Amino acid sequence: MLFRSLNMALYYGISVVMSQGIERGDLAIQIRDEQLAGKLGGAQLLVAGRGIGAPNAGPGMLAYAGIAYEVTTEEQIRQAVREQAARKVNAIKIWVDDRGGRAPSLSPALSAAAADEAKKHNLRISAHVYYHRDAVDLAKAQVSSFAHLVRDSVMDEPLLVSVIKNRVFVMPNMGGAERNTHTSTPPWFEEPYLAGLLKDTTSSEVIERMKGLWAPRDPKVVEQVRAIYSNIHRNTSRLKDAGARVILGSDTGLPDHLFGYAEQRELELMRSAGMTEMEVIVAATSRAAEYLQLPDRGVLAPGKRADFLVLDGNPLDDIRYTRRIARMFVNGEIGRAHV
């Protein structure tokens, strides 16, 4: 299933995928290592291993239950980081917020300890963020990135300054919230090239199930989601205007939020928040490669790895042209993923 998802991501033009702390065992690491050895294809997988949070703060989906470390002391969280570093993960993931009230928040002291320990092992550390107050402490602790943005309010000027000063990368992850703001099938779902890619990679049964997301829902719930999305949208715009390091992130792995499909949709949403087409492309290529510590990727230049798309249209005219994939080059070889 994981390998099929990586093939699916590649089919949509995504060459590298970083997981965000949902691996209990060694399968993902084995796939990553076999890809590096040239034994497996698909989008390259980078692994954050087993994530860390306060008790009951890990992913809420049943399939991910019990994956996260549950820590309450500084020594526990440092030991968790050391254990994952020993497994040679590519990054560390922490869940910081209270997960909608079902868990205690991870304290600023523990978040700072995790960030400090990760730096000792030359590992990026990604923090799952919801509240403005947590983001303030995390930026001060110099975490590597925010996975999601502040969603309870609009980010104030001191926080924006801190994010930039401390070189925090930010992943807006707009699509998961945006899709829940609709009460009927949105026009973007029928856009020919996006719909065509979906049809190429997904069964008709799943496509019909995805359409069912927009069946009549509680208006109060929709109103709440729209308020949350408004904050995400405004914060993305404010970060862009402030010159923050925005990168592509899409929270794939949620039900019917599919690999590759979600990223292509995310590009369009980043554009809707005021980023120019070029800024969106940079966020998905060279700046993402910088964050992932892949110095041979993200730009077309001599000596770099030749991963690029040939498109039937200029994405500087319309970012949606990234969906019009005529050819794909992976490490200099022509090909398309099989799904």
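## Helices α3 and α4

In helix α3, Glu-74, Ile-77, Arg-78, Val-81 and Arg-82 make contact (heavy atoms within 4.5 Å) with Leu-110, Ala-113, Ala-114, Asp-116, Glu-117, Ala-118 and Lys-120 of helix α4. Sorted by class, the contact of α3 with α4 holds six nonpolar residues, six charged residues and no polar ones. In this classification, Ala, Val, Leu, Ile, Met, Phe, Trp, Tyr, Cys and Pro are nonpolar, Asp, Glu, Lys and Arg are charged, and the others, Gly among them, are polar. The model is a predicted one, in which local features need pLDDT of at least 70 and side-chain atom pairs count only at pLDDT 80 or more, while totals for chains, interfaces and linings use all residues. Residues are numbered from 1 along each chain as its sequence is written, and side-chain values use heavy atoms, with hydrogens and water left out.

Two packed helices are described by the angle between their axes and the distance between the axes. The axes of α3 (residues 74-86) and α4 (residues 108-120) come within 9 Å and cross at roughly 30°. Here an axis is a line fitted to C-alpha atoms, for helices over the stretch in contact, and angles run from 0 to 180 degrees between N-to-C directions. The helices α3 and α4 are therefore roughly parallel to each other. Angles under 35 degrees count as roughly parallel, over 145 as roughly antiparallel, 65 to 115 as roughly perpendicular and the rest as oblique. The crossing of α3 with α4 is right-handed; a crossing has this name if the near helix is turned clockwise from the far one by less than a right angle, and is left-handed if anticlockwise. Helices (H or I, at least four residues) and strands (E, at least two) are DSSP runs, numbered from the N terminus.

## Helices α1 and α8

A second pair consists of α1 (residues 2-11) and α8 (residues 192-201), which pack at an angle of about 150° with their axes 11 Å apart. That angle makes α1 roughly antiparallel to α8. The crossing of α1 and α8 is right-handed. From α1, Arg-4, Met-8 and Tyr-11 meet Leu-197, Asp-200 and Thr-201 of α8. By class, this contact of α1 with α8 has three nonpolar residues, one polar residue and two charged residues.

## The seven-stranded sheet

Strands of a sheet pair through backbone hydrogen bonds, either parallel or antiparallel. Two strands are taken to pair if DSSP finds at least two bridges between them. Seven strands form an open sheet with parallel pairing, in the order β4-β3-β5-β6-β7-β8-β9. At the edges stand β4 (69-70) and β9 (245-246), each with a single partner strand, so one side of each has no neighbour in the sheet.

Within this sheet, β5 (residues 91-95) and β6 run parallel and are joined by five bridges. Trp-95 stands opposite His-128 in β6. Strand β6 (residues 124-128) is mostly covered, with five of its five residues buried. The term buried means under 20% relative accessible area, exposed means over 50%, and partly exposed lies in between (1.4 Å probe, protein chains only). In a regular strand the side chains alternate between the two faces of the sheet. In β6, Arg-124, Ser-126 and His-128 point one way, Ile-125 and Ala-127 point the other way, and all are buried.

Strand β7 (residues 145-147) pairs with β8 in the parallel sense over three bridges. There, Ser-145 has Phe-169 in β8 as its bridge partner. Asn-166 is found in the loop between α6 (157-165) and β8 (169-171). Asn-166 is buried, with a relative accessible area of 15%. Apart from neighbours within four places in sequence, Asn-166 is in contact with Ala-139, Lys-140 and Gln-142.

## The three-stranded sheet

Another open sheet has three strands in the order β10-β11-β12, with antiparallel pairing. Its edge strands, β10 (308-311) and β12 (333-334), each pair on one side only. Four bridges pair β10 with β11 (residues 325-330) in the antiparallel sense, and Leu-311 has Ile-325 in β11 as its bridge partner.

The loop between β10 and β11 contains Leu-316, which is partly exposed, with a relative accessible area of 41%. Leaving aside neighbours within four places in sequence, Leu-316 is in contact with Glu-277, Met-278 and Ile-281. The C-alpha atoms of Leu-316 and Thr-276 are separated by 8.3 Å, although these residues are 40 residues apart along the chain.

## Glu-268 in helix α11

Glu-268 lies in α11 (residues 261-272) and is buried, with a relative accessible area of 19%. Beyond neighbours within four places in sequence, Glu-268 is in contact with Trp-188, Ile-319, Arg-320 and Arg-323. Glu-268 and Ala-139 are 129 residues apart in sequence and 27 Å apart in space, C-alpha to C-alpha.
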